[in-house]
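I'm jotting down what I look up as I go.

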Amino acid sequence: MRLKGMRKRDKPTGPWWKRALKSVGRMLIIFVVIVGGIYWWNPQRLHYPPRKPPSPFPKIDPDSAKLYSNGTRITVVVGHPDDAEYFISGFLCKLHDSGAKIHLIVVTDGDKSYYPPGFTNVEENRKVRHEEQIKASQGYGADVEFLGGPDGRYNPDEPQLRRKLEDAMVASKPDYLLCFDSEFLPVVQHRDHENSGRAALELAPKTSAKWVLLFASTAKNFYADTDKYWSQRSELIAVHASQFSGEKLALIRGTLMEREMNDGAESGLNMAEGFRAIKLHD
Ligand SMILES: [Zn+2]
């Protein structure tokens, strides 16, 4: 029965399988547009399948006597405030203990400026994240330099940003350069991590650095024993309270502890942080 005023719908025509195919096609287009749009906007990138490490890939000693000696100059290049604490703070604490002079270069402010207007307070984020980074890096005695690149959209090939990074790296006169591995990447990596690492590695030969130690790498050939530093590392992560607190902080601590134990198991240690070490020159 049809109620008064109700429009009679046209009866669909054609075989049932053609109609089904059409509606599946429509749903697929909507799915691709939505998921593709989210992927395009978000700053994480997929690297699948991951690139295999070279085989064989023997361990290497990046001149440990020099690395862990008083006055050794370490320059760290990262994408955001919190990267240094998240990825390598056990190693940085160890270096600080042995008397290293650490300079931390943070290429973006971590201000989330790639969010649509009104979704986040960029100025406030920048202020809070600067403060957190400065406080955290006091834990391993580092000077911090912010280069102010756009969070989530850091393009190291943009001439002004490139020059800024080169000047900062050269001026810090490193013996060792630490940055993200942009060649042997985990399946998911933030584009600012990858891009800052690529630029730092490309610029490394212009600096005084003899070694580059690449972190967040899937091809590790050097492991720093960080067993003694877990509690310090754990506290440093919590300094970034705007990013990690409550359950999220507990979850992150668990993830990082597991990672350090895995790196430890790979190297015959209890806990370790693994790197891909590259020698630039003698
Ligand atoms: Zn980051």
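Which residue's side chain does Arg126 meet in a salt bridge? I looked it up: the partner is Asp109, at 3.1 Å, N to O. My salt-bridge cut-off is a side-chain nitrogen of Lys or Arg within 4 Å of a carboxyl oxygen of Asp or Glu.

Ground rules before I go on. This is a predicted model, where local features need pLDDT of at least 70 and side-chain atom pairs count only at pLDDT 80 or more, while totals for chains, interfaces and linings use all residues. Residues are numbered from 1 along each chain as its sequence is written, and side-chain values use heavy atoms, with hydrogens and water left out.

**Entry: salt bridges**

I get 18 salt bridges in the structure. Helices here are DSSP runs of H or I with at least four residues, strands are runs of E with at least two, and both are numbered from the N terminus. Arg126 is partly exposed at 25% relative accessibility, whereas Asp109 is buried at 5%. (Buried is under 20% relative accessible area, exposed is over 50%, partly exposed is in between, with a 1.4 Å probe and protein chains only.) I also see both residues in a salt-bridge network with Asp111 and Glu123.

Next I checked Glu183 and Arg276, whose closest N and O atoms are 2.7 Å apart. Glu183 sits in the loop between β5 (176–180) and β6 (188–190) and Arg276 in strand β9, so the bridge ties together parts 93 residues apart in sequence. Arg276 counts as buried at 7%; Glu183 is partly exposed at 35%.

**Entry: zinc and helix α6**

For the zinc ion I found the protein donors His80 (ND1), Asp83 (OD) and His193 (NE2), lying 2.0 to 2.2 Å from it. Donors are N, O and S atoms within 2.8 Å of the metal (3.2 Å for Na, K and Ca), and water is not among the atoms, so sites may look incomplete. Their spacing along the chain reads H-x2-D-x109-H. Asp83 in helix α3 (residues 83–97) and His193 in helix α6 are 110 residues apart. Asp83 is buried at 2%, and His193 is buried at 8%.

Helix α6 itself runs over residues 191–203 and reaches 18 Å from its first C-alpha to its last, close to the 18 Å expected at 1.5 Å a residue. That expected span is 1.5 Å times one less than the number of residues. I count the helix as mostly covered, with 11 of its 13 residues buried.

**Entry: aromatics**

The tally is 12 aromatic pairs. I pair rings of Phe, Tyr and Trp (its six-membered ring) if centres lie within 6.5 Å; planes under 30 degrees apart are stacked, over 60 edge-to-face, the rest tilted. Phe91 and Phe222 have centres 6.3 Å apart and planes at 70°, so I log them as edge-to-face. Phe91 and Phe275, at 4.8 Å and 50°, go down as tilted. The latter pair links helix α3 to strand β9 (residues 272–279), 184 residues apart. Phe91 is buried at 0%, and Phe275 is buried at 0%.

**Entry: Gln133**

Is Gln133 buried or exposed? Buried, at 0% relative accessibility. Gln133 sits in helix α4 (residues 122–138). Leaving aside neighbours within four places in sequence, its contacts (heavy atoms within 4.5 Å) include His80, Asp82 and His240.
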